[in-house]
Every structure is written in C-alpha cells, then in structure tokens.
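Here is a short report for a first look at this structure. Please keep the sequence and the 3D view at hand while reading.

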Amino acid sequence: MTVAIAAPLTPPSSPKLKLKSRSKAPDHFVLPDLVNHCSFPLAYHPHGDALAAESVHWLDSGCPELSLKARRALHGLQAGELTAFCYPWCRPERLRVVSDFMNYLFHLDNISDGMMRCGTEELADCVMNALWFPDRYMPGKGQPAEEGSAGKLARDFWTRCTRDAKPGPQARFKENMQLFFDAVNQQARDRDANLIPDLESYISVRRDTSGCKPCFDLIEYAMDIDLPEFVVRHPVLQALNQGANDLVTVLICLAQDIFSYNVEQSRGDTHNMIVILMHLRGFTLQEAIDCVGELCRQTIDDFTENERQLPSFGPRLDRDVTVYVQGLQDWIVGSLHWSFMTERYFAERGAEVKRHRVVRLLPRRPPPPPRAYCAA
C-alpha cells in the first residue's frame with residue numbers, strides 16, 4: 001500500500017503572476033478563490049447560535065479587565081459561531097464547552113499579541129497551572145497569590161471538560177497547549193529582536209501558534225471518542241495527520257495570514273507568511289498572496305489523497321477514525337467560511353470581500369509598545 005504524504009510547503013522561487021509595476025505601493029490585493037476550491041460540505045450545529053451567545057457572555061463576564069473596545073471586538077469575533085461550524089455533530093453540552101475554549105483561545109491570542117518574552121512565559125505558567133491542577137490553584141515561583149482571570153477561565157473550562165473527556169484526548173490536549181505556549185514564546189522572542197524568521201522556521205512555529213492542535217484534540221472530546229496510541233502513532237495515520245497539518249493547521253494559518261495581513265501590515269507585525277515572502281523572496285504583495293493561495297490549493301489536494309489511503313483498524317476503530325477525519329474536514333471548510341463572517345479580519349465587509357475577493361489596505365500605524373503580562 002502506498003502512503004500519500006503531503007509535499008513540503010515550499011513556495012516556488014518565482015510566482016506565476018507578475019505585477020506590471022513595482023514602483024507604486026499597492027492600495028489593495030485580490031484574494032485567491034479558496035472557497036470554490038474547497039469542496040467539503042459545510043454544516044452548522046442546530047444549537048450553535050444560542051450556545052455561542054452563552055459562551056461569549058461567559059468570557060465577557062470572566063474578564064473584568066477588558067476595555068470597552070476589547071469587549072466590542074469579542075462580540076464581533078463570533079468564536080462561538082466558528083465552533084458551531086467546526087463541531088456541528090456533537091451533543092449541545094459538549095459544544096458549549098468547546099465554544100468556551102474557542103473564545104478563550106482567541107482571548108489568549110489577543111493578550112499575548114505584543115507581549116515581551118517574559119510576559120508570554122508568565123501567561124503560559126498561569127494557564128498550564130490550571131490544566132495540571134484543575135481542582136485547586138497552586139502558585140509557583142513568581143506567580144501571584146491570587147489567581148488572575150486567565151487562570152480562572154482555564155480552570156473553569158478544563159474542569160468541565162475533564163468530567164467527560166477520555167484520557168487520550170486529555171493528555172494530548174495538555175501536550176499541545178504547552179507546544180502552543182512554546183511557539184508563542186518563540187514568536188515573542190522574534191518580535192523582541194525585530195526579526196523576520198525564515199520560511200521553514202515560520203511554518204514550524206505557526207503550526208503551533210495557530211492553536212489548531214488542541215482544537216483538533218477536542219474533536220475526540222466533542223464526539224466522545226479516544227483514539228488509542230497505536231492508532232495515533234500508526235505511520236499511515238501519521239501521514240494523514242501530516243497532511244491534515246499542512247491542510248488544516250497550515251492551510252488555516254496560510255489562509256488566516258492572507259485574511260489577517262491587512263490588519264497586521266497596518267501595525268508592522270512581521271510574523272506573517274505574506275511579509276516573509278515579500279521580504280525573503282522579493283515578491284510583490286499580490287505575488288505573495290497568489291503564492292500562498294497556490295499552497296492552500298495544493299494542501300487541499302494532498303489532504304484528499306491522504307484520506308483515500310486510510311488503513312483499516314477494525315470496524316469500531318475505523319468508525320472513530322472516520323469521525324475524527326470528518327472533524328478535520330469540518331474544521332477546514334467551517335473556518336474558511338467563518339473567516340468572512342467574523343469582524344476580526346474584514347470588519348463588517350466580510351460578505352462583500354467574499355463575493356469580490358478585493359481587500360483594500362488599511363493605513364499603517366505605529367505599533368504599540370511591548371507589554372508584560374498582567375495577571376488581573
């Protein structure tokens with residue numbers, strides 16, 4: 001049997017499309033047509049809207065330190081709706097738990113943006129403390145006597161999750177959350193040094209800073225399955241998971257790099273594949289966008305081929321593997337469509353951008369000063 005392993009994500013040295021002039025700074029770019037290339041069926045949980053409203057209230061009420069602007073952004077984010085797209089088949093009570101984590105994960109991303117390295121380390125200690133000791137707060141060296149909101153929210157979510165989550169997903173979730181914080185810390189190091197990473201380093205870090213890996217662990221929780229280690233570690237399934245990383249984790253990161261470039265370029269953020277391709281390969285903005293779009297299309301095709309090569313583990317485990325892979329598909333197509341629905345990337349113009357694929361650039365603004373972590 002031939003194992004289909006996704007090809008490395010290596011952009012071509014010269015893009016197919018060339019802009020006629022490089023002298024004038026662009027004021028817009030055109031998105032690749034990823035929606036039509038991604039043919040996976042789109043579904044939405046029937047209780048999604050109601051549970052999304054409950055979940056956003058949970059985070060809002062648990063973060064008294066949020067500014068009015070941050071609260072407005074929280075409600076415009078629609079993380080609960082993303083959850084309803086990505087986990088459309090689970091029981092409502094589990095969707096609510098996953099929705100809380102999704103809102104919380106975006107919250108972690110927001111508060112870690114612009115942090116110095118020491119700030120991200122303190123944030124990681126706070127959250128991982130709650131995951132390892134969900135029944136009580138055990139402050140370590142340098143941690144405050146009173147647990148901050150980031151720790152309290154993590155503890156609340158994780159306590160509810162572990163009531164039903166099976167051992168395998170629990171262990172993998174904690175491992176991947178630690179990888180998330182390690183990557184966030186590396187990103188902060190690069191930001192402190194004003195460093196633009198090389199493409200390979202960027203992809204390696206971005207696979208973890210996306211937060212997709214723990215979200216994929218929650219597919220098992222949401223659907224009440226527990227893939228045994230010999231299945232998870234099987235070379236063919238690992239090949240599929242690599243394809244899923246390149247398609248789900250990296251595809252989403254690539255797509256989000258396209259979608260979020262407009263916001264990030266306005267504040268001078270360099271941890272973005274578009275910026276890296278322009279800096280290291282000498283691409284114009286549109287050439288970089290087209291290159292990333294082609295990578296996205298390649299990873300969709302790789303994922304589909306890997307899925308055809310799935311081995312059989314016996315009737316019961318085959319059912320669980322099929323459920324898990326379906327969850328990856330739901331993540332791919334659901335996050336793609338949600339990206340035009342949330343206000344995070346295109347404000348209130350998402351539907352228009354989805355139709356015409358033209359994105360007007362925001363004016364650049366000075367980056368904010370780096371922040372330390374505040375436990376409150």
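## Overall make-up

The protein chain holds 17 helices and two strands. This is a predicted model. The chain has 376 residues, and 55% of them are buried.

Take the contacts in the protein chain with a separation of 6 or more: 80% of them come from residues 24 or more positions apart.

## Confidence

Helix 2, residues 48-62, has the highest mean, at 97. Helix 12, residues 235-267, has the lowest, at 63. Residues 14-21 have a pLDDT below 50. That stretch still makes nine contacts in the model beyond near neighbours in sequence. Where pLDDT is low, the predicted coordinates should not be read in detail.

## Helix 9 against helix 13

Two packed helices are described by the angle between their axes and the distance between the axes. Helix 9 spans residues 199-209, and helix 13 spans residues 273-281. They pack at an angle of about 170°, and their axes lie 10 Å apart. An angle over 145 degrees counts as roughly antiparallel, so helix 9 and helix 13 are roughly antiparallel to each other.

Which residues of helix 9 meet helix 13? They are Leu199, Tyr202 and Ile203. On the side of helix 13, the partners are Met273, Ile276, Leu277, Leu280 and Arg281. By class, this contact has seven nonpolar residues, one charged residue and no polar ones.

## Cysteines

How many disulfides are there? The count is zero. A disulfide would need two cysteine sulfur atoms within 2.5 Å. Cys296 is in no disulfide. Its nearest cysteine sulfur belongs to Cys291, 9.8 Å away.

Is Cys296 buried or exposed? Its relative accessibility is 0%, so Cys296 counts as buried. Cys63 also has 0% relative accessibility and therefore counts as buried.

## Gln170

Gln170 sits in helix 8, which covers residues 167-192. Its relative accessible area is 19%. Buried means under 20%, so Gln170 is buried.

What does Gln170 touch, leaving aside residues up to four places away in sequence? Its contacts are Trp158, Thr162 and Ala165.

Conventions:
Residues are numbered from 1 along each chain as its sequence is written. This is a predicted model: local features need pLDDT of at least 70, side-chain atom pairs count only at pLDDT 80 or more; totals for chains, interfaces and linings use all residues. Side-chain values use heavy atoms; hydrogens and water are left out. Axes are lines fitted to C-alpha atoms, for helices over the stretch in contact, and angles run from 0 to 180 degrees between N-to-C directions. Helices (H or I, at least four residues) and strands (E, at least two) are DSSP runs, numbered from the N terminus. Angles under 35 degrees count as roughly parallel, over 145 as roughly antiparallel, 65 to 115 as roughly perpendicular and the rest as oblique. Contact means heavy atoms within 4.5 Å. Ala, Val, Leu, Ile, Met, Phe, Trp, Tyr, Cys and Pro count as nonpolar, Asp, Glu, Lys and Arg as charged, and the others, Gly among them, as polar. pLDDT is the predictor's confidence in each residue, from 0 to 100. Buried means under 20% relative accessible area, exposed over 50%, partly exposed in between (1.4 Å probe, protein chains only).
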